[in-house]
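Have the coordinates open and check along as you read.

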Amino acid sequence: MAERFVNFMGGSPLNRLSWLRPSQSFLNAVITSPATRWILFNDGLPLIATHAITQKRTLALLPTDDVRSLLGIEPYFGQGRFEGETGHPDAPVLEAARLHGTRIVFLGLKEADPLTAAALPSSDFTDPQATVAALEGTPFFTIDVADLEDALVKEAVQTSQRADSSITLNFMDSRSAMTSLDVFTAAVFAEARSMADWNRRNKFCPACGSPTFSLWAGWKLSCASLLPWANNAGGRPCPSGRGTQNFCYPRTDPVVIMVVIDKSDDKVLLGRNKRFPSKFYSALAGFVEPGESYEDAVKREMWEEAGVRVWNVRYHSGQPWPFPANLMLGFSATADSSAPIRTDLDNELEDARWYTREEVLAVLAHQAGTQSATNSHESAKEAEPLFKMPPPTAIAGVLIKQWAEGSIKLDLGTKGNL
């Protein structure tokens, strides 16, 4: 199941070319390629293109010429002490460093034909301009413009080649915008949003409080006190300068989310968080804590949130969830619906209850009917459903739907597997 199913925002469709992130010559060449496209965020809100006639929304993918005014002075990577100066490429602390201007991230390459594309070793880039010109595909970068002047950003967006009488460009709420994306752009959006958010949040060294700067095209952060020209006289050396852990890397926070099935295989346990909209129920979820396996986290979260003991924990699939950098890990588990439910332990849930397969299928049918009416611009006149549940773009919706339709089977193990 886990290897056959790819959730929305999953799939990681870009060749991330991670071994080329330290190569400032490659990055400075590929960033100016006519094929390169940019995903813009403004404090986490993506730039969305809305088509005037159909009102269809897509992720705005801008060429470098459109965003050049937002990038600062060249070189964009491998910068030196002063703006416009190139840093020494042999110094690890300056590998593809960005010391001036808003941080930017190289996301990877959408290959023209991933099945036949050859790997690109760094040794191929002795002539970066020629090699980049020969690339078959679309390089992607991202930037969050929240720290730039509003007027500068507004001008870049309004004069973009993508903006015309038929298309408007606006920064929109991420969760609302992502539901209109196709499978490819949703997956690129997930990578871009998490990376842009991580770079924008982590401006200071956690060890000493000094400013940080970007390396490896946004995939590493280092303490400014480690720069060759830093004046550290009279101060204690930053602890991050010792040993091999002197860089900060992007983080991913694992979250378990589980569809819990009654041992009769006819009921599923769903919960209602206090922050949820009216009548909305979903699969229960929680962050994995230090010293836990994923299975341990499933069992602990079910007990803490609903007072329910589960067994036969089985992995289903994962989903990147870039709000800001979670990895949702889907599981199924078995429980006894005759046991009492308690929501007074961590008081996170307003309610939790068992729903039958018939009830869930009725909600799914209503959900499908409403979506169909929306797509055809008709009104959905059906009665309100018993409850509401997540859409199939969220892994919670996938888990609930697949159980209701029989794709997720009850594990016939015993409580001895606890």
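Q: What makes Asp344 and Arg342 a salt bridge?
A: First off, this is a predicted model, so treat each distance as computed. The closest N and O atoms of Asp344 and Arg342 are 3.1 Å apart. The cut-off is a Lys or Arg side-chain nitrogen within 4 Å of an Asp or Glu carboxyl oxygen, so the pair qualifies.

Q: Why is Asp344 called partly exposed, and what about Arg342?
A: Asp344 has a relative accessible area of 43%, and Arg342 comes in at 35%. Partly exposed is what lies between buried, under 20%, and exposed, over 50%, so both residues get that label.

Q: How do you know that Arg200 and Asp43 form a salt bridge?
A: Their side chains meet at 2.8 Å, N to O. The limit is 4 Å, so the pair counts as a salt bridge. In general, side chains of opposite charge can pair when their charged atoms come close.

Q: What makes Arg200 and Asp43 a tie between parts that are apart in sequence?
A: Look at where each one sits: Arg200 is in helix α6, while Asp43 is in the loop between β1 (37-42) and β2 (45-51). The pair therefore ties together parts that are 157 residues apart in sequence.

Q: Why is the link between Asp197 and Arg201 called a salt bridge?
A: The N to O distance between their side chains is 2.6 Å. With a cut-off of 4 Å, that pair is a salt bridge. Asp197 and Arg201 are four residues apart in helix α6, so about one helical turn separates them.

Q: What makes Asp197 buried and Arg201 exposed?
A: Asp197 has a relative accessible area of 17%, and buried means under 20%, so Asp197 is buried. Arg201 has 59%, and the mark for exposed is over 50%, so Arg201 is exposed.

Q: Which residues are linked in a network of salt bridges, and how many salt bridges are found in the whole structure?
A: The network links Glu289, Glu292, Arg300, Glu301 and Glu304. A search of the whole structure turns up 17 salt bridges.

Q: How many salt bridges lie between domain 1 and domain 2?
A: Zero salt bridges are counted between domain 1 and domain 2. There are two residue pairs in polar contact between these domains, both at pLDDT 80 or more.

Q: What makes up the side of domain 1 that touches domain 2?
A: Helices α5 (174-178) and α6 (183-201) each supply at least two residues, and α6 gives the most, with six. By class, that side of domain 1 has three nonpolar, three polar and four charged residues.

Q: How do you know that domain 1 and domain 2 touch?
A: Contact needs heavy atoms within 4.5 Å, and 10 residues of domain 1 are in contact with seven residues of domain 2. The area buried between the two is about 730 Å², with carbon and sulfur atoms giving 69% of it. The domain centres, taken over C-alpha atoms, are 36 Å apart. The domain assignment puts 18-114 + 125-248 in domain 1 and 253-370 + 384-405 in domain 2.

Q: Where are the cis peptide bonds that involve Pro75 and Pro324?
A: One joins Glu74 and Pro75, with omega about 0°, and Pro75 sits in the loop between α2 (64-71) and β5 (104-111). Another runs from Phe323 to Pro324, with omega near 5°. Pro324 lies in the loop between β13 (311-321) and β14 (326-335).

Q: Why does the phi of Asp265 get a mention?
A: Most residues other than glycine have a negative phi, and most peptide bonds are trans. Asp265 has a positive phi near 65° and is not a glycine. Asp265 is in the loop between β10 (253-262) and β11 (267-273). Its relative accessible area is 22%, so Asp265 counts as partly exposed.

Conventions: Residues are numbered from 1 along each chain as its sequence is written. This is a predicted model: local features need pLDDT of at least 70, side-chain atom pairs count only at pLDDT 80 or more; totals for chains, interfaces and linings use all residues. Side-chain values use heavy atoms; hydrogens and water are left out. Domain bounds come from an automatic or database domain assignment. Buried area is the accessible area (1.4 Å probe) that two parts lose on being put together, summed over both. A polar contact is a pair of N or O atoms within 3.5 Å; within protein, one must be able to donate a hydrogen and the other to accept it, and residues adjacent in sequence count only if both atoms are side-chain atoms. Ala, Val, Leu, Ile, Met, Phe, Trp, Tyr, Cys and Pro count as nonpolar, Asp, Glu, Lys and Arg as charged, and the others, Gly among them, as polar. Buried means under 20% relative accessible area, exposed over 50%, partly exposed in between (1.4 Å probe, protein chains only).
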